[in-house]
Amino acid sequence: MASLKTLLCLGVCLSAWIITTADETMLNAENVRWFSLDFKTILRWTTKPSDHKYTVSYSSDDLNWLGCPHCTRVSDSECDLTDELKASDRTYSAKVQTEPLIEDDSDDPDEFPHTNSLPFNPYRESNISAAAFTVKAVDKSRVNVSITDPLTSIHVGGKQLSIRDILKKDLKYKITYHKSGSTGKRDILSDSSTAQVSKLDAGQSYCFMVAAFIPSRPRATQQGAWSTRQCTPGDSNSLEELSLGTWVGVAFVLLTVLITIVMVTVLCCRCRRQRNTSQSSAPV
Ligand SMILES: *[C@@H]1O[C@H](CO)[C@@H](O)[C@H](O)[C@H]1NC(C)=O
């Protein structure tokens, strides 16, 4: 009888344990991921629907964890850590902790269910957006490309920093260009935000694209997004420059003229033949 009681108790305890642990893992934030563009860095996660609140902390050494006031006991599923991490060349980890529904100061926060992020280094891993740029002809075979460094979300002393302010000498730009209508591309790596491209064929239209390029970074994050293409005007009287549409238009006009001529000729011939037959039949 006693052993049955023990068994029963064990069963109850076991199922209670299974329920609580299952419950706890269910409460964990999932898919904790970094999203970072031009040094605006956001941690996002997903949750199961519940009334729980979440608290984010971060650390650069896995020992000292710092909280951020705007991400303490929040119901959101993201936290903007831009101001905390800045653009420092350090590797950070973050964790998202699920707060108990009933606050109890005697609870040890280390026991709360939490999920850790992968390590993240803003300086080396933040994505860089496409840069705006202009192309201006200097003479027949040279153009100046001037690029506007994208702005970041980091402010220092009231000034909004550009990616150049942060990456300094590490920032280069890749400039790729090709003759309009041809596929052969040429690349240039420029140390500064203005560059001169020379040895262009006079009178030709060229198309340019630029992207930030940071050789000191790991390969996967070296290159920023490509900007949209910009083309220089070529000599417009060159026949090669005419677009397909223009050619189709020209062909259409020529065809119409040809058909008209043929029809007029046919009609005229018929008229004359008719007149000829009526004349020859008249005296009979
Ligand atoms: C950077 O962009 C790539 C491609 O869009 C994306 O897969 C990656 O998650 C982004 N990284 C960050 C840190 O936002």
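Reader: Hi! What volume does the largest pocket have?
Author: Hello! The largest pocket comes to about 290 Å³. A pocket is an open set of points on a 1 Å grid where a 1.4 Å probe fits, with protein on both sides within 12 Å along at least five of seven lines; its volume is the space filled by probe spheres on points joined across faces, edges and corners. This is a predicted model, where local features need pLDDT of at least 70 and side-chain atom pairs pLDDT 80 or more, while totals for chains, interfaces and linings use all residues. Residues are numbered from 1 along each chain as its sequence is written, and side-chain values use heavy atoms, without hydrogens or water.

Reader: Which residues lie nearest the centre of that pocket?
Author: A137, K140, Q204, T232 and P233 do, out of 20 residues in the lining (a lining residue has an atom within 4 Å of a point).

Reader: And which strand gives the most to the lining?
Author: That is β8, with 4 residues. Strands β8 (132-139), β9 (142-148) and β16 (230-231) each supply at least two lining residues. A strand here is a DSSP run of E, at least two residues, and a helix is a run of H or I, at least four, numbered from the N terminus.

Reader: How many bridges join β12 to β15?
Author: There are 8, between β12 (residues 172-179) and β15 (residues 206-213). One to look for is T176, whose bridge partner in β15 is M209.

Reader: What about β9, how many bridges join it to β14?
Author: 4 bridges, and the two strands run antiparallel. S146 has T194 as its bridge partner in β14.

Reader: Which side chains of β14 are buried?
Author: A195 and V197, which point to one face of β14 (residues 194-197). Buried means under 20% relative accessible area, exposed over 50%, and partly exposed in between (1.4 Å probe, protein chains only).

Reader: Which residue in the β10 and β11 hairpin takes a positive phi?
Author: G157, with a phi near 55°, in a hairpin with 2 residues between the strands. β10 (residues 151-156) and β11 (residues 159-162) pair in the antiparallel sense over 3 bridges, and L151 stands opposite S162.

Reader: Last topic, rings! How many aromatic pairs does the structure hold?
Author: It holds 5. Rings of Phe, Tyr and Trp (its six-membered ring) pair if their centres lie within 6.5 Å; planes under 30 degrees apart are stacked, over 60 edge-to-face, the rest tilted. W34 and F120 have ring centres 5.1 Å apart and planes at 20°, so this pair is stacked.

Reader: Where do W34 and F120 lie?
Author: W34 is in β1 (residues 30-37) and F120 in the loop between β7 (114-116) and α3 (122-125), so the pair ties together parts 86 residues apart in sequence. W34 is buried at 14% relative accessibility, and F120 is buried at 6%.
Author: The rings of Y177 and F208 are stacked too, with centres 5.5 Å apart and planes at 20°. Y177 sits in β12 and F208 in β15, 31 residues apart.

Reader: Are Y177 and F208 buried or exposed?
Author: Both are buried. Ring pairs also link Y177, Y206 and F208 into a cluster.

Definitions and conventions. Two strands pair if DSSP finds at least two bridges between them.
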